[in-house]
Amino acid sequence: MLRIDVPRGQRPLIKVIVGRSAAQSVLGGLSAPQRTPSTTADFLIDTGASHSVIDLGLAKKLALQPMSQMPVKTASSGSGHVMSTLFMASLSIAFTDTLYSSPMVPLGSQDFGNHGFHGLLGMDILSHFIMTFNGPANFIELRWPAAPSKKRKR
Amino acid sequence: MIAESRDFTTELQTYAQHEQELQKDLYKWAVIVETKLVGVYDTFEEAVMTEGQKHGLDKIFVREITPVGYQHTITRLLAGF
């Protein structure tokens, strides 16, 4: 379980560990050993995003491998769309008693500038979890039903 | 090479040429190398590992097969878009 406080008037942000996928080194993609391989960043929990997105500057800093491009519709793109580069990354979220970890996920990218977060946690990742938003109490509770169960000591 | 510098123009054109035939494999992952569709896989990871070993990561284009005209959405209003 993971409890995320959402003070009134604030946005729901979650700490995400994002970095280069190990496959990037194994398969001989881009290499930049002098750069940080992973970092903890604030991602916005965004049920309105069909997929998860990383800030383009952070993707560059981590030297993530670009894999493709895809059309993305935003609230301000009108009837058109923008093209978003899709990167390969690893992504982890620390729960109270376990670690959700995906060694290889596709992340779209956008320039988030000074929005105060470095990515969007979209429905592709959120669909793994049970999410409860308690508005009056100002928190979100995230549970991972497929989390590996702990072995009990006898 | 920096992360954002790959030019996918050729691969995007190749995907467009194959888009109709790929509709039978919706939500699977297509792998393209320049002008050739080289494979379709159930998962992103499978696509990357299989075709990445054959061609190298910086040669493959991996894209989810979506309905014609589909666009991923980001509903947040973000400056600069």
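This is a predicted model: local features need pLDDT of at least 70, side-chain atom pairs count only at pLDDT 80 or more; totals for chains, interfaces and linings use all residues.

Reader: What share of the contacts in chain A with a separation of 6 or more comes from residues 24 or more positions apart?
Author: Chain A has 154 residues, and buried residues make up 50% of them. Among its contacts with a separation of 6 or more, the share from residues 24 or more positions apart is 64%.

Reader: Which element gives the most residues to the largest nonpolar core?
Author: This core has 29 residues, and those touching the most other members are A:Ile14, A:Val18, A:Ile54, A:Ile93, A:Phe95, A:Tyr100 and A:Phe129. Elements of chain A that give two or more residues to the core include strand 2 (13–19), helix 2 (56–61), strand 6 (82–94) and strand 7 (99–110). With four residues, the element that gives the most is strand 6 of chain A.

Reader: Leaving aside neighbours within four places in sequence, which residues are in contact with A:Tyr100?
Author: A:Tyr100 is one of the residues that touch the most other members of the largest nonpolar core. Leaving aside neighbours within four places in sequence, its contacts are A:Leu91, A:Ser92, A:Ile93, A:Phe95, A:Ile125, A:His128, A:Phe129 and A:Trp144.

Reader: How many residues are in the other core that lies apart from it?
Author: The members of this other core include A:Leu27, A:Leu86, A:Met104 and B:Trp29. Its number of residues is 25.

Reader: Does A:Thr85 count as buried or exposed?
Author: A:Thr85 lies in strand 6 of chain A. Not counting residues up to four places away in sequence, A:Thr85 touches A:Pro66, A:Ser68, A:Gln69, A:Leu107, A:Gly108, A:Ser109 and B:Phe8. Buried means under 20% relative accessible area. Because its relative accessibility is 11%, A:Thr85 counts as buried.

Reader: Which element gives the most to the lining of the largest pocket?
Author: The largest pocket has a volume of about 430 Å³. Its lining consists of 21 residues, with A:Val105, A:Pro106, A:Asp124, B:Trp29 and B:Phe44 lying nearest its centre. Two or more lining residues come from each of strand 7 and helix 3 of chain A and helix 2 (44–55) of chain B. The element that gives the most, with six residues, is strand 7 of chain A.

Reader: In what order do the elements of chain B run from the N terminus on?
Author: Chain B has two helices and four strands. Buried residues make up 42% of its 81 residues. From the N terminus on, its elements run α-β-β-α-β-β.

Reader: Which strands do the buried residues of helix 1 of chain B pack against?
Author: The buried residues of this helix are B:Glu11, B:Thr14, B:Tyr15, B:His18, B:Glu19 and B:Leu22. In an α-helix there are 3.6 residues a turn, so residues three or four places apart point the same way. The buried residues of helix 1 pack against strand 1 (29–33), strand 2 (36–41) and strand 3 (61–64) of chain B.

How values were computed. Residues are numbered from 1 along each chain as its sequence is written. Chains are lettered from A and ligands numbered from 1 in the order in which they are written. Side-chain values use heavy atoms; hydrogens and water are left out. Buried means under 20% relative accessible area, exposed over 50%, partly exposed in between (1.4 Å probe, protein chains only). Contact means heavy atoms within 4.5 Å. A nonpolar core is a set of buried Ala, Val, Leu, Ile, Met, Phe, Trp, Tyr and Cys residues joined through side-chain atoms within 4.5 Å. On a 1 Å grid over the protein atoms alone, a cavity is a set of points where a 1.4 Å probe fits but cannot get out, and a pocket is an open set with protein on both sides within 12 Å along at least five of seven lines; lining residues have an atom within 4 Å of a point. Grid points are joined across faces, edges and corners, and a volume is the space filled by probe spheres set on the points.
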